[in-house]
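Please keep the sequence and the structure in view while reading.

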Amino acid sequence: ILDYGSYLGGSSLEWGTSVAVDGAGRTYVAGYTYSTDFPLASNPGNYYSDAFVAIYSETGTLLKSILTGGTAFEKAGGIAVDSSGT
């Protein structure tokens with residue numbers, strides 16, 4: 001059953017590599033991006049790939065995204081959460 005659909009990304013390239021769902025129905029997407037304007041990220045990306053985690057509410061609203069990386073190529077290959085969202 002498809003509960004919702006969404007687009008995620010900025011003005012460049014993104015790859016989602018893993019998805020997890022917690023006990024409250026929040027969805028966590030991990031991957032990597034080349035966008036410097038990735039949505040809701042608190043820090044701008046660079047022109048190399050940065051790893052990201054995006055968190056969606058149980059209804060599909062993007063709540064938060066986190067970019068992590070330096071001046072090289074970073075990629076998130078997987079994600080796991082427990083029932084409390086840790």
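Ring pairs join Trp15, Tyr32, Tyr34 and Phe73 into a cluster, where rings of Phe, Tyr and Trp (its six-membered ring) pair if their centres lie within 6.5 Å, and planes under 30 degrees apart count as stacked, over 60 as edge-to-face and the rest as tilted. The model is a predicted one, in which local features need pLDDT of at least 70 and side-chain atom pairs count only at pLDDT 80 or more, while totals for chains, interfaces and linings use all residues. Residues are numbered from 1 along each chain as its sequence is written, and side-chain values use heavy atoms, with hydrogens and water left out.

**Aromatic pairs**

The structure holds 5 aromatic pairs. One of them is formed by Tyr4 and Tyr56, a tilted pair with 6.2 Å centre to centre and 35 degrees between the planes. Tyr4 lies in the segment before strand E1 (14–21) and Tyr56 in strand E3 (residues 50–56), so this pair ties together parts that are 52 residues apart in sequence; strands (E, at least two residues) are DSSP runs, numbered from the N terminus. Another of them is the edge-to-face pair of Trp15 and Tyr34, with 5.8 Å centre to centre and 75 degrees between the planes. Because Trp15 lies in strand E1 and Tyr34 in the loop between strand E2 (27–33) and E3, the pair ties together parts that are 19 residues apart in sequence.

The table gives the relative accessible area of these residues, where buried means under 20%, exposed over 50% and partly exposed in between (1.4 Å probe, protein chains only).

| Residue | Relative accessible area | Class |
|---|---|---|
| Tyr4 | 24% | partly exposed |
| Tyr56 | 6% | buried |
| Trp15 | 36% | partly exposed |
| Tyr34 | 21% | partly exposed |

**The nonpolar core**

Tyr56 also belongs to the largest nonpolar core, whose 6 residues are Val29, Phe38, Phe52, Ala54, Tyr56 and Leu67; such a core is a set of buried Ala, Val, Leu, Ile, Met, Phe, Trp, Tyr and Cys residues joined through side-chain atoms within 4.5 Å. Strand E3 gives the most to this core, with 3 residues. Apart from neighbours within four places in sequence, Phe38 is in contact (heavy atoms within 4.5 Å) with residues including Leu8, Glu14, Phe52 and Leu67.

**Val19**

Val19 is located in strand E1 and is exposed, with a relative accessible area of 58%. Not counting residues up to four places away in sequence, Val19 touches Thr27, Tyr28, Val29 and Ile79. Val19 and Ile55, 36 residues apart in sequence, are 9.9 Å apart in space, C-alpha to C-alpha.

Terms used. Helices (H or I, at least four residues) and strands (E, at least two) are DSSP runs, numbered from the N terminus.
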